Amino acid sequence: AVAPGSALALTMLAGILQDIHRSDAAKVYAALAVERAPLWALPRHQLGTLHMNLAEEDEARAQFEAAYALDPYNVSTVNYLRLLDDMQTFTRLETPHFVVAFDPKYDPILGEYLGDYMEHVHAEVTKHFAHEPKRRTVLEVFPTTDSFSVRTAGIPGAETYGAAFGPVITAVAPRAGATMGPFNFARVLRHEFTHVINLQQTDYRCPRWLTEGL
């Protein structure tokens with residue numbers, strides 16, 4: 001009411017909703033912000049990240065390219081565009097409940113195991129929580145901590161092994177000599193899929209501390 005032509009409140013609201021993993025709702029407000037401020041790069045970048053969270057990578061690229069045209073010095077925008085180029089070479093395997101994407105150059109063996117393992121996890125976790133996602137969950141596995149971090153947060157430096165956005169799980173492949181050190185890859189994937197279930201069955205209103213505990 002104070003500034004009906006401004007995109008600032010819409011952009012802030014989209015950011016808050018994104019922080020609590022309500023990407024579908026956030027996307028609506030980010031798109032409205034783009035309409036109100038077509039020459040402002042931030043809402044376009046924000047909308048690109050929301051599309052990434054929902055595994056809508058073609059739509060994400062279009063927004064990142066538009067944001068880059070307005071602000072070619074945004075490091076996160078550049079990182080996402082480079083990552084999307086790399087992801088075009090990924091192999092994608094579909095199972096009844098998952099789409100598994102991985103780098104065939106560095107991690108060709110993952111495709112032999114991840115689909116079967118995730119279907120096993122799906123059966124156990126969905127039974128435990130009495131909920132099944134309405135769509136296939138996308139699992140994207142990255143060969144390096146930097147590529148995983150850019151996919152997850154837009155910049156290198158995320159000190160974790162996996163992340164869940166609702167319909168998308170991102171993870172870094174286990175590898176000898178990796179800077180993250182040894183970790184239980186199977187447990188990480190099960191942990192992240194539990195987030196997927198908790199978030200979706202509560203319409204993304206499950207508190208983060210609770211789903212971490214579950």
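Reader: Which residues does Ser76 touch, not counting residues up to four places away in sequence?
Author: Let's start with what counts as touching: a contact means heavy atoms within 4.5 Å. With neighbours up to four places away in sequence left out, Ser76 touches His45 and Gly154.

Reader: Which kind of model is this?
Author: Residues are numbered from 1 along each chain as its sequence is written, and side-chain values use heavy atoms, with hydrogens and water left out. Local features need pLDDT of at least 70, side-chain atom pairs count only at pLDDT 80 or more, and totals for chains, interfaces and linings use all residues: this is a predicted model.

Reader: In which helix is Ser76 found?
Author: Helices (H or I, at least four residues) and strands (E, at least two) are DSSP runs, numbered from the N terminus. By that numbering, Ser76 is in helix H5.

Reader: Is Ser76 buried or exposed?
Author: The cut-offs are under 20% relative accessible area for buried, over 50% for exposed, and partly exposed in between (1.4 Å probe, protein chains only). Because its relative accessible area is 14%, Ser76 is buried.

Reader: What is the length of the polar contact that joins the side chains of Ser76 and His45?
Author: A polar contact is a pair of N or O atoms within 3.5 Å; within protein, one must be able to donate a hydrogen and the other to accept it, and residues adjacent in sequence count only if both atoms are side-chain atoms. For the side chains of Ser76 and His45, the polar contact is 3.3 Å.

Reader: How many of the residues of H3 are buried?
Author: His45, the partner of Ser76 in that polar contact, is among the buried residues of H3, as are Leu47 and Met52. What covers the buried residues includes helix H1 (8-19), helix H2 (23-36), helix H4 (57-70), helix H5 (75-87), helix H7 (145-153) and strand E5 (168-172). H3 is mostly covered, and its buried count is 12 of 13 residues.

Reader: Which residue just after H3 takes a positive phi?
Author: Most residues other than glycine have a negative phi. Just after H3, a positive phi of about 60° is taken by Ala55.

Reader: At what angle do H4 and H5 pack?
Author: Axes are lines fitted to C-alpha atoms, for helices over the stretch in contact, and angles run from 0 to 180 degrees between N-to-C directions. The axes of H4 and H5 are 9 Å apart, and the packing angle is about 140°.

Reader: How many nonpolar residues does the contact of H5 with H7 have?
Author: The axes of H5 and H7 come within 10 Å and cross at roughly 115°. Asn79, Tyr80, Leu83 and Met87 in H5 meet Ser147, Val150, Arg151, Thr152 and Ala153 in H7. Ala, Val, Leu, Ile, Met, Phe, Trp, Tyr, Cys and Pro count as nonpolar, Asp, Glu, Lys and Arg as charged, and the others, Gly among them, as polar. By class, this contact of H5 with H7 has 1 charged and 3 polar residues, and its nonpolar count is 5.

Reader: Which residue's side chain is joined to that of Arg151 by a polar contact?
Author: Arg151 has its place in helix H7 and counts as buried because its relative accessibility is 0%. Among the residues that Arg151 touches are Met52, Tyr80 and Phe165. The polar contact of 2.6 Å joins the side chain of Arg151 to that of Glu140.

Reader: What separates the C-alpha atoms of Val138 and Glu59?
Author: Val138 lies in strand E3 and is buried, at 7% relative accessibility. Its contacts include Ala55, Arg92 and Val99. Along the chain Val138 and Glu59 are 79 residues apart, and their C-alpha atoms are separated by 16 Å.

Reader: Where does His21 lie?
Author: His21 has a positive phi, near 70°. At 15% relative accessible area, His21 is buried. Its place is the loop between H1 and H2.
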